[in-house]
Amino acid sequence: MGKILVTGGAGYIGSHVVKRLGEAGYSPITFDNLSSGHAWAVLYGDLLCGDVKNADDLRKVFANNTIDAVLHFAAHIVVPESVENPLKYYFNNVLGSLTLLSVMKEYHVNKFIFSSTAAVYGTPTVLPVSEEAPLCPINPYGQGKAMVEQVLRDLSAAEDFKYVALRYFNVAGADVQARIGEGKKDATHLITQALRTAAGMNPTLYIYGTDYPTPDGTCIRDYIHVDDLAGAHLKALEYLLHGGESDTINCGYGQGYSVLEVVKTVKKVTGIDFDIQVTGKRPGDPAELVADAAKIKKKLNWQPKYNNLGFIIDTAWKWEKDRLKGR
Ligand SMILES: NC(=O)c1ccc[n+]([C@@H]2O[C@H](COP(=O)([O-])OP(=O)(O)OC[C@H]3O[C@@H](n4cnc5c(N)ncnc54)[C@H](O)[C@@H]3O)[C@@H](O)[C@H]2O)c1
């Protein structure tokens, strides 16, 4: 059996997938430039430092290892930053993907799992949103992911190349044993921000808009535990290794929680009350984004283990507390 190359394997989601690959008996190799990832997060296999935009960095990895499949997480991920600095995002996320796909072709590696995002749907008109919904990304981050998806469809139609594009909804939580978790100091996601406010690292938690057409006026999102998402990657990998056809699949639970429900649960789990402040809506934030999760269950036979908001927040809280102790 060859190795599984994981680009961005030192990052938040990639490191949980590397852990699951190692636990399942695969041999992962992490390839990461550590721009937002951490060497400590790689629990299994080698960490090779390099940039996915640099074909020579990649060639060294493919020349020295037999690679069965590539899981591609390496990307920049901050939506507002992509609006301010689109070239940074198109270079890293689109050019990086094209460079990687070209080098894979040179070395005849033809199985690929891509980290896509619910941001490709923009503001969906039908909820829950299925994979068949039109792609209408409303920021350069989502646009770049949609571009790479198009490249994958074209490549798969033209050549002996098989991929699974996984469209993640809101990824949250941490390793159940609190060995790894979100490591970015400037992480922007709601649950991390709320926990860091509870821990006293932020004076207040900002809530962006309370007049959305939802029951309590705040945005509704589908939160998926990072280990369940890692499990989905294992399923997608097995699917491709057993000859599965190319496909695009949502990764979510199909259940939404409002911002205020998340805040209430964070206060309950931590036992800490903290200040919240309502501020203006962020441009391009859809009122509701919840996955139609039928396909992942049927096609990949994926069953989530941690579909419980309190549990998700509890794992993230244990991790954040450990980090505060100086990890
Ligand atoms: N976090 C989420 O909620 C979410 C939702 C949807 C999609 N995604 C996608 O999942 C993937 C992983 O996200 P994450 O939250 O783990 O982010 P992250 O920033 O923690 O991880 C990204 C990793 O990629 C590395 N990297 C970035 N550019 C690189 C380059 N040019 N060459 C080599 N390595 C590079 C970083 O150092 C980091 O380790 C991304 O592709 C992201 O778009 C994330």
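User: Which element gives the largest share of the shell around the ligand?

Analyst: Bearing in mind that this is a predicted model, the largest share of that shell comes from helix 1, which gives 3 residues. The shell holds 28 residues, and Gly8, Gly11, Gly37, Ala74 and Ala75 come nearest to the ligand. Besides helix 1 (12-23), the elements that give two or more residues are helix 4 (86-106), strand 5 and strand 7.

User: How do the residues of the shell around the ligand divide into nonpolar, polar and charged?

Analyst: There are 11 nonpolar, 13 polar and 4 charged residues in the shell.

User: Why is Tyr26 called buried?

Analyst: A residue is called buried if 20 or more other C-beta atoms lie within 10 Å of its own. Tyr26 has 22 other C-beta atoms within 10 Å, and therefore it is buried. Tyr26 is found in the loop between helix 1 and strand 2 (28-32), and, not counting residues up to four places away in sequence, it touches Ile4 and Leu21.

User: How far apart are Tyr26 and Ala287, in sequence and in space?

Analyst: They are 261 residues apart in sequence, and their C-alpha atoms are 40 Å apart in space.

User: What makes strand 1 and strand 4 a pair?

Analyst: Two strands pair if at least two bridges are found between them. Strand 1 (residues 3-7) and strand 4 (residues 67-72) are joined by 5 bridges, so they meet that condition, and they run parallel. Within this pair, Ile4 stands opposite Ala69 in strand 4.

User: How many bridges join strand 4 to strand 5, and how many join strand 5 to strand 6?

Analyst: Strand 4 is joined to strand 5 (residues 111-117) by 3 bridges, and these two strands run parallel; here Val70 stands opposite Phe112. Strand 5 is joined to strand 6 by 7 bridges, again in a parallel arrangement, and Thr117 has Tyr168 of strand 6 as its bridge partner.

User: What makes strand 6 mostly covered?

Analyst: In strand 6 (residues 162-168), 7 of its 7 residues are buried. Both faces are covered, with Lys162, Val164, Leu166 and Tyr168 buried on one side, and Tyr163, Ala165 and Arg167 buried on the other.

User: Which residues have the most contacts inside the largest nonpolar core?

Analyst: They are Ile113 and Leu166, in a core of 95 residues. The largest share of this core, 8 residues, comes from helix 7, and the core draws at least three residues from each of domain 1 and domain 2. Leaving aside neighbours within four places in sequence, Leu166 is in contact with residues including Ile113, Phe114, Ala232, Ala236 and Ile249. As a general point, nonpolar side chains in soluble globular proteins tend to be buried together.

User: How is the protein divided into domains, and how many residues does each give to the contact?

Analyst: Domain 1 covers 3-172 + 223-251, and domain 2 covers 190-221 + 254-290 + 306-324. Their C-alpha centres lie 26 Å apart, and the contact takes 15 residues from domain 1 and 13 residues from domain 2. On the side of domain 1 that touches domain 2, strand 7 (170-172), strand 10 (223-225) and helix 7 (226-241) each give two or more residues. That side has 9 nonpolar, 4 polar and 2 charged residues.

Notes:
Residues are numbered from 1 along each chain as its sequence is written. This is a predicted model: local features need pLDDT of at least 70, side-chain atom pairs count only at pLDDT 80 or more; totals for chains, interfaces and linings use all residues. Domain bounds come from an automatic or database domain assignment. Two residues are in contact if their C-beta atoms, placed from the backbone, lie within 7 Å. Helices (H or I, at least four residues) and strands (E, at least two) are DSSP runs, numbered from the N terminus. Ala, Val, Leu, Ile, Met, Phe, Trp, Tyr, Cys and Pro count as nonpolar, Asp, Glu, Lys and Arg as charged, and the others, Gly among them, as polar. A nonpolar core is a set of buried Ala, Val, Leu, Ile, Met, Phe, Trp, Tyr and Cys residues joined through C-beta atoms within 7 Å. A residue is buried if 20 or more other C-beta atoms lie within 10 Å of its own, exposed if 12 or fewer, and partly exposed in between; C-beta atoms are placed from the backbone. A residue is near a molecule or strand if its C-beta atom, placed from the backbone, lies within 6 Å of it.
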